[in-house]
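Me: I have a model open and want to learn to read it. Can we take the features in turn?

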Amino acid sequence: ETVRHRYRFDYLVGSVHYIEEALFDYHQQETFARVVEMAGGLERLAVKYYQAVAEMVRVLRPEVVAHFALIRKHAAPYGSLDTRAIRHAAETALEVVQENGSILDVNTSGYRNGLGCPYPAPEIVRKARDLGIPFCFGDDSHAVEEVGAAILEAREYLLRNDVGTIIVLTSEEGRLVRKAVPLE
């Protein structure tokens with residue numbers, strides 16, 4: 001029995017915020033520094049992150065995978081996330097997302113967090129697009145004023161990365177239905 005059925009959720013949104021019981025998605029840079037050190041460096045932490053995303057998708061089978069590549073949030077001072085090992089781990093996680101039939105959210109909180117673009121980064125959006133993974137919008141709102149923030153920017157972001165539709169989840173006659181909505 002899945003979590004969705006046990007608790008009668010309409011659908012699940014899955015994300016990863018902990019690596020080996022250590023919270024890496026925290027507002028204080030010192031916390032992230034400790035997690036990087038604990039993992040043995042940024043590359044190892046990022047690989048573990050993507051492995052955890054893949055495992056979360058395998059176990060929970062969420063309809064939506066939220067803020068894929070959240071590891072970017074505090075990573076810049078510790079090095080590049082553009083290494084062969086990290087790219088491989090991210091691609092493997094995307095393949096699991098594809099196999100599960102999950103939707104990847106384009107999460108606008110990347111703007112709010114000073115990253116200049118949503119989660120995931122353009123190269124991951126393009127890889128997901130090439131794998132046929134659909135997208136939806138997410139804002140990771142933690143306050144009323146954040147609801148729907150930067151959705152228009154995220155729309156433009158998807159269009160620039162050759163993504164022309166998003167998926168919305170609705171309920172029809174008591175069952176979950178995916179509907180494609182064109183961005184233009």
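Reply: Start with exposure. Buried means under 20% relative accessible area, exposed means over 50%, and partly exposed lies in between (1.4 Å probe, protein chains only). This is a predicted model: local features need pLDDT of at least 70, side-chain atom pairs count only at pLDDT 80 or more, and totals for chains, interfaces and linings use all residues. Residues are numbered from 1 along each chain as its sequence is written, and side-chain values use heavy atoms, with hydrogens and water left out.

Me: Is Glu21 buried or exposed?
Reply: Glu21 has a relative accessible area of 79%, so Glu21 is exposed.

Me: Where does Glu21 lie?
Reply: First, how elements are named. Helices (H or I, at least four residues) and strands (E, at least two) are DSSP runs, numbered from the N terminus. Glu21 lies in the loop between β2 (18-19) and β3. The C-alpha atoms of Glu21 and Val35 are separated by 9.9 Å, and the two residues are 14 apart along the chain.

Me: How do I describe two packed helices?
Reply: Use the angle between their axes and the distance between the axes. Axes are lines fitted to C-alpha atoms, for helices over the stretch in contact, and angles run from 0 to 180 degrees between N-to-C directions. Angles under 35 degrees count as roughly parallel, over 145 as roughly antiparallel, 65 to 115 as roughly perpendicular and the rest as oblique.

Me: At what angle do α3 and α4 pack?
Reply: At about 10°, with their axes 9 Å apart. α3 and α4 are therefore roughly parallel to each other.

Me: Which residues meet there, α3 to α4?
Reply: Contact means heavy atoms within 4.5 Å. Residues of α3 including Ala46, Val47, Tyr50 and Val53 meet residues of α4 including Ala85, Ile86, Ala89 and Ala90. Now sort by class. Ala, Val, Leu, Ile, Met, Phe, Trp, Tyr, Cys and Pro count as nonpolar; Asp, Glu, Lys and Arg count as charged; the others, Gly among them, count as polar. The contact of α3 with α4 has 13 nonpolar, one polar and two charged residues.

Me: What is the angle between α4 and α6?
Reply: Helix α4 (residues 84-100) and helix α6 (residues 122-130) pack at about 40°, with their axes 10 Å apart. α4 and α6 are therefore oblique to each other. Ala90, Glu91 and Leu94 in α4 meet Ile124, Lys127 and Ala128 in α6. Those contact residues divide into four nonpolar, no polar and two charged.

Me: How many aromatic pairs are there?
Reply: Rule first. Rings of Phe, Tyr and Trp (its six-membered ring) pair if their centres lie within 6.5 Å; planes under 30 degrees apart count as stacked, over 60 as edge-to-face and the rest as tilted. By this rule the count comes to five. Take Phe24 and Tyr49: their ring centres are 5.4 Å apart and their planes are at 80°, so the pair is edge-to-face. Phe24 lies in the loop between β3 (22-23) and α2 (29-39), and Tyr49 in helix α3 (residues 42-60), so the pair ties together parts that are 25 residues apart in sequence. Phe24 is buried at a relative accessible area of 1%, and Tyr49 is buried at 0%.

Me: What about the rings of Phe32 and Tyr78?
Reply: Their centres are 5.5 Å apart and their planes are at 55°, so the pair is tilted. Phe32 is buried, with a relative accessible area of 1%. Tyr78 is partly exposed, at 29%.

Me: Which residues do ring pairs link into a cluster?
Reply: Phe24, Tyr49, Tyr50 and Phe68. Look at Tyr50 in helix α3. Tyr50 counts as buried, at 4% relative accessibility. Leaving aside neighbours within four places in sequence, Tyr50 is in contact with residues including Phe68, Ile71, Ala93 and Ile124.

Me: What do I look for in the backbone?
Reply: Most residues other than glycine have a negative phi, and most peptide bonds are trans. Now the cases here. A cis peptide bond joins Tyr119 and Pro120, with omega about -5°. Pro120 is found in the loop between α5 (109-112) and α6. Asp140 has a positive phi, near 50°. Asp140 sits in the loop between β6 (135-138) and α7 (151-160), and is partly exposed, with a relative accessible area of 24%.

Me: What is the phi of Asp162?
Reply: Near 60°, a positive value in a residue other than glycine. Asp162 is found in the loop between α7 and β7 (165-172). Asp162 is exposed, with a relative accessible area of 59%.
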